[in-house]
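Take a look at the model below. The text after it starts with a charge and a ring, then moves on to the aromatic residues and the overall fold.

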Amino acid sequence: MLVVLVGVSAFVFRAVLLSWHSQETRTGIDIALDRGIEEMVRDLRKARQAQSVNNDEIRFTHNLIAYYIYYFYNANDSYPPSFSQGSYQLRKAELSGGISGTFTYGSGSIIITEALPPATSDLSISANLITLDLSIKRGDETIRSRTQVRPRNL
């Protein structure tokens, strides 16, 4: 009887620990994703000009002087990426030469890590509406966040 009781207790204890670990991982992903999406929404809401290329990058400007790009980066890809890797960083870099200008692939600040590549994730523009559809995978946990931004100055 004691062996059965210890076995059941161990099983329940293990289930609780696994559940706690899973929830901790999901919370970490959720916080990182929310923070990144919030930064992007703030930037894109102020955009005076914006364009999307292949639903995997967004180029924009606030003042028609400085231009920026949000793009997916993985060191094992070259630009434009083939999206053959399992995860990417979402980065923000400055463009030189206007909205269609150039940048160094791998440059800029990291906004989100462990992002799933397109077509799972999507950065697109339709008319006056920017769609940010991002998924992050860490271990066995995946969280998706989808929002739409209507720039005030377009």
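**A charge, a cluster and a helix**

Lys92 sits over the face of Tyr68, 4.8 Å from the ring centre. The rule for this asks for NZ of Lys or CZ of Arg within 6 Å of the ring centre and within 35 degrees of the ring normal. This is a predicted model: local features need pLDDT of at least 70, side-chain atom pairs count only at pLDDT 80 or more, and totals for chains, interfaces and linings use all residues. Residues are numbered from 1 along each chain as its sequence is written, and side-chain values use heavy atoms, with hydrogens and water left out.

The chain holds 1 helix and 8 strands (DSSP runs: H or I of at least four residues for helices, E of at least two for strands, numbered from the N terminus). The order is α-β-β-β-β-β-β-β-β.

Now the rings. There are 9 aromatic pairs (Phe, Tyr or six-membered Trp ring centres within 6.5 Å; planes under 30 degrees apart are stacked, over 60 edge-to-face, the rest tilted). Tyr71 and Phe103 have ring centres 4.6 Å apart and planes at 50°, so this pair is tilted. Tyr71 belongs to strand β3 (residues 67-73), while Phe103 is in the loop between β4 (88-95) and β5 (109-115), 32 residues apart. Both are buried (under 20% relative accessible area; exposed is over 50%, partly exposed in between; 1.4 Å probe, protein chains only). Tyr71 also pairs with Tyr105, again tilted, at 5.7 Å and 45°. Tyr105 is in the loop between β4 and β5, so the pair ties together parts 34 residues apart in sequence. Tyr71, Tyr73, Tyr79, Phe103 and Tyr105 form one aromatic cluster.

Helix α1 (residues 2-45) contains Val12. Val12 counts as partly exposed because its relative accessibility is 44%.
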